[in-house]
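Please look over the sequence and the structure before reading on.

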Amino acid sequence: MAQLEGYYFSAALSCTFLVSCLLFSAFSRALREPYMDEIFHLPQAQRYCEGHFSLSQWDPMITTLPGLYLLSVGVVKPASWIFGWSEHVVCSIGMLRFVNLLFSVGNFYLLYLLFRKVQPRHKYL
């Protein structure tokens, strides 16, 4: 039974990633420019991506903590070194949006772990 649960989870995670990638692709083709609150967040994330972390460059219109910007830099910078991507590609709107897609898949896994913690399996199953 436990092995089946692993297969089900893998299938659900794969389907979630596939659907997310399809939606990401459709939105990225349709929306090439920043939309909604991206007009504030993308320039700030790009400044962090370029290595400008000073408080004097912080946009006062942003009220959230810089955690996602820092994590994005932690994801895209190593990828740029490994794959040899240019700074323009690494700090692009598409790449920064893709980081959010990766975090959404990570959130799916965290929700699964939380569900297993809250709803433990019975020993007789």
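How many disulfides does the structure hold? The structure, a predicted model, holds 1 disulfide.

## The disulfide

Cys49 and Cys91 are joined, with 2.1 Å from S to S. Distant parts of the chain are linked by this pair: Cys49 belongs to helix H2 (residues 38-49), while Cys91 sits in the loop between H4 and H5, 42 residues apart. The link of Cys49 and Cys91 is left-handed, at -85° about the S-S bond. Both Cys49 and Cys91 are buried.

## Cys15 and Cys21

The sulfur of Cys15 has its closest cysteine sulfur in Cys21, 12 Å away, which is too far for a bond. Cys15 is partly exposed, with a relative accessible area of 48%. Cys21 is also partly exposed, at 23%.

## Annotated spans

The unreviewed UniProt entry annotates residues 6-27 and 95-115 as "transmembrane region". In the model, residues 6-27 are 100% helix and 0% strand, with end C-alpha atoms 31 Å apart. Residues 95-115 are likewise 100% helix and 0% strand, and their end C-alpha atoms lie 30 Å apart.

## Arg97

Arg97 is part of helix H5 (residues 93-118). Its relative accessible area is 12%, so Arg97 counts as buried. Beyond its neighbours within four places in sequence, Arg97 is in contact with residues including Phe24, Phe27, Glu33 and Glu38.

## Confidence

The mean pLDDT of the chain is 84, and 95% of the residues score at least 70. Among the elements of the chain, H5 has the highest mean pLDDT (89) and helix H4 (residues 87-90) the lowest (80).

Technical notes. Residues numbered from 1 in each chain as written. Predicted model: local features only at pLDDT ≥ 70, side-chain atom pairs only at ≥ 80, totals over all residues. Heavy atoms only, no water. UniProt positions renumbered as here; feature names shortened; annotations may be inferred. Helix = DSSP H or I, 4+ residues; strand = E, 2+ residues; numbered from the N terminus. Buried < 20%, exposed > 50% of the residue type's maximum accessible area, 1.4 Å probe, protein only. Contact = heavy atoms within 4.5 Å. pLDDT = per-residue confidence, 0-100. Disulfide = S-S within 2.5 Å.
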